[in-house]
Amino acid sequence: MQLESLKVFCDVARCRSFSHAAQLNHLTQSAASQTVRQIEEHLGVQLVDRSTRPLQLTALGQRYYDGCLVLLEGYRELETSLRGAGAGLETSIEVAAIYSVGLGDMGKYVECFARERPGARVHVDYAHPDKVYEKVLDGTADFGLVSFPRPSRKWEVIPWREEPMVLACSPSHRLSSWQAVRPADLDGEKFVAYDRNLTIRRRIDRFLRAQGVAVDVACEFDNIENIKKAVEETAGVALLPEPTLRREVRSGTLAAVPLAGAGLVRPLGIIHRRNPRLSVGARRFIDLLRRPADANGAAH
């Protein structure tokens, strides 16, 4: 059985889709389907349950998938050791991330990884936190990037970074020129909040209550970009992770003021399924993400 065929099967198994796997391997959907069918005929067993959407592996299919991953990763490692360039079968890594991890930052990581591993392909899919967990669990993402990662027996959590929370406000706001603000200075302020179903909203509410601060919630959103737009339109102030405001601070559309002695941070984590194990490429991309970064978020 050719390695290219095994890779097509593994992409079908990981993506739960013939069409997506076909795109990754520059094939037609029918060609990808036929490749998997030929493997099944060769083995004399059914590997993929085609009656479900998304596709599901049979028990034997899962066993075959786990074994094929070991073979393909071993071959990639062998080529890397011989050629020193990681060429050959293309390394394809699917990442699911919450919207606010920073489009610019992730772009720099992807570019750096491509320089280090020619032929590698990294695709980042930005989604709601619940969708990130879903993609990791159903195998359509190798790993996910989330804030306040939830512990579970179904996945492992790798600490990534902690982002200090700062006050976001319009440059015309009375607090915008302050060197730092105390939590007490926010008492009574019109406030743009996260959606109450999000973990970060609950953490901020708990923090404000502990400080004896009551804010006037004017509106709620489930993502940072909408919160920033509302603050720009002077709907109020907000507490946001400092890295998510750098673009607006540079352009002068928002101000970011540190919180004096507050210690309020947003932890980011990397989640991945416990089984099957991460591919070599995915582990190396995670290693890149966890390298020390400069002030602009670029890994070095």
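Visitor: What does Ser-92 touch, leaving out residues up to four places away in sequence?
Guide: Ser-92 touches Arg-14, Leu-24, Arg-121 and Asp-142. Keep in mind that this is a predicted model.

Visitor: OK, and which side chain does the side chain of Ser-92 make a polar contact with?
Guide: That's Arg-121, at 3.3 Å.

Visitor: Where does Ser-92 lie, and is it buried or exposed?
Guide: You'll find Ser-92 in strand β3, residues 92-98. Ser-92 counts as buried because its relative accessible area is 13%, and the cut-off for buried is under 20%.

Visitor: New topic: how many aromatic pairs are there in the whole structure?
Guide: A search turns up four. One of them is Tyr-133 with Trp-155: the ring centres are 5.0 Å apart and the planes sit at 45°, so that pair is tilted. Tyr-133 is in helix α6 and Trp-155 in strand β6, 22 residues apart.

Visitor: What about Phe-143 and Phe-285?
Guide: Their planes are at 35° with centres 6.2 Å apart, so they're tilted too. Phe-143 belongs to strand β5 and Phe-285 to helix α10, so the pair ties together parts 142 residues apart in sequence. Phe-143 is buried at 0% relative accessible area, and Phe-285 is buried at 0% as well.

Visitor: Which residues form an aromatic cluster?
Guide: Phe-113, Phe-143 and Phe-285 form one.

How values were computed: Residues are numbered from 1 along each chain as its sequence is written. This is a predicted model: local features need pLDDT of at least 70, side-chain atom pairs count only at pLDDT 80 or more; totals for chains, interfaces and linings use all residues. Side-chain values use heavy atoms; hydrogens and water are left out. Helices (H or I, at least four residues) and strands (E, at least two) are DSSP runs, numbered from the N terminus. Buried means under 20% relative accessible area, exposed over 50%, partly exposed in between (1.4 Å probe, protein chains only). A polar contact is a pair of N or O atoms within 3.5 Å; within protein, one must be able to donate a hydrogen and the other to accept it, and residues adjacent in sequence count only if both atoms are side-chain atoms. Contact means heavy atoms within 4.5 Å. Rings of Phe, Tyr and Trp (its six-membered ring) pair if their centres lie within 6.5 Å; planes under 30 degrees apart count as stacked, over 60 as edge-to-face and the rest as tilted.
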